[in-house]
Amino acid sequence: WTKPAPWWDVKADAHLIIGTYRHGYAKYDAMKADPDLCFGRRLEEYAALLNHNGSGSPSVMTGVVDEFVVMEPAPASNGKGKGEGDSGDEAQ
C-alpha cells in the first residue's frame with residue numbers, strides 16, 4: 001500500500017470516502033475546504049512542519065498540495081461495459 005502523502009492514514013481514507021459522497025468524485029478543492037474533513041487542516045499542518053524544520057519551500061508546499069489536488073478522474077469507459085449513462089433508463 002502506497003500512501004498518497006506522508007500524512008495519509010486510515011482516517012484520511014475514511015474522509016476521502018465521505019468527501020466523495022458529500023462533494024462528488026474528484027472534487028478535491030471542496031474536500032480540502034470542508035472543515036469536517038481532515039485534508040485542509042493536515043495540509044496546513046504539514047506545510048508548517050516543512051517550513052518550521054527548514055526543509056520546506058513554496059515549491060515543496062506546492063508539490064504537497066498538487067499531490068492531493070491535481071488528481072484526475074479515471075478515463076471514460078470505452079463503451080463496452082456498463083457504466084454511467086449506459087443503462088438507458090435515465091430520466092430524459
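**Terms and values**

Mentor: The protein chain has four helices and zero strands. Helices (H or I, at least four residues) and strands (E, at least two) are DSSP runs, numbered from the N terminus. This is a predicted model, in which local features need pLDDT of at least 70 and side-chain atom pairs count only at pLDDT 80 or more, while totals for chains, interfaces and linings use all residues. Residues are numbered from 1 along each chain as its sequence is written, and side-chain values use heavy atoms, with hydrogens and water left out.

Trainee: What makes the length of helix H3 agree with its 14 residues?

Mentor: The expected span of a helix is 1.5 Å times one less than its number of residues. For H3, residues 39–52, that gives 20 Å, and the end C-alpha atoms are 20 Å apart, so the two agree.

Trainee: Which residues of H3 are buried?

Mentor: Buried means under 20% relative accessible area, exposed over 50%, and partly exposed in between (1.4 Å probe, protein chains only). In H3, Phe39, Gly40, Arg42, Leu43, Tyr46, Ala47 and Leu50 are buried. They cover an arc of only 165° around the axis, so they lie on the same side of H3; the arc is that of the directions from the helix axis to the C-beta atoms. The face turned away from that buried side carries the exposed residues Glu44 and His52.

Trainee: Why is lysine 32 called partly exposed?

Mentor: Lysine 32, in helix H2, has 28% relative accessibility, so this residue counts as partly exposed.

Trainee: How many aromatic pairs does a search of the whole structure find?

Mentor: The search finds three. The rings of tryptophan 7 and tryptophan 8 have their centres 5.4 Å apart and their planes at 35°, so this pair is tilted. Rings of Phe, Tyr and Trp (its six-membered ring) pair if their centres lie within 6.5 Å; planes under 30 degrees apart count as stacked, over 60 as edge-to-face and the rest as tilted.

Trainee: Why is the pair of tryptophan 8 and phenylalanine 39 called stacked?

Mentor: Their ring centres are 5.5 Å apart and their planes stand at 25°, so the pair is stacked. This pair links distant parts of the chain, with tryptophan 8 in the segment before H1 and phenylalanine 39 in helix H3, 31 residues apart. Both residues are buried, and Trp7, Trp8 and Phe39 form one aromatic cluster.
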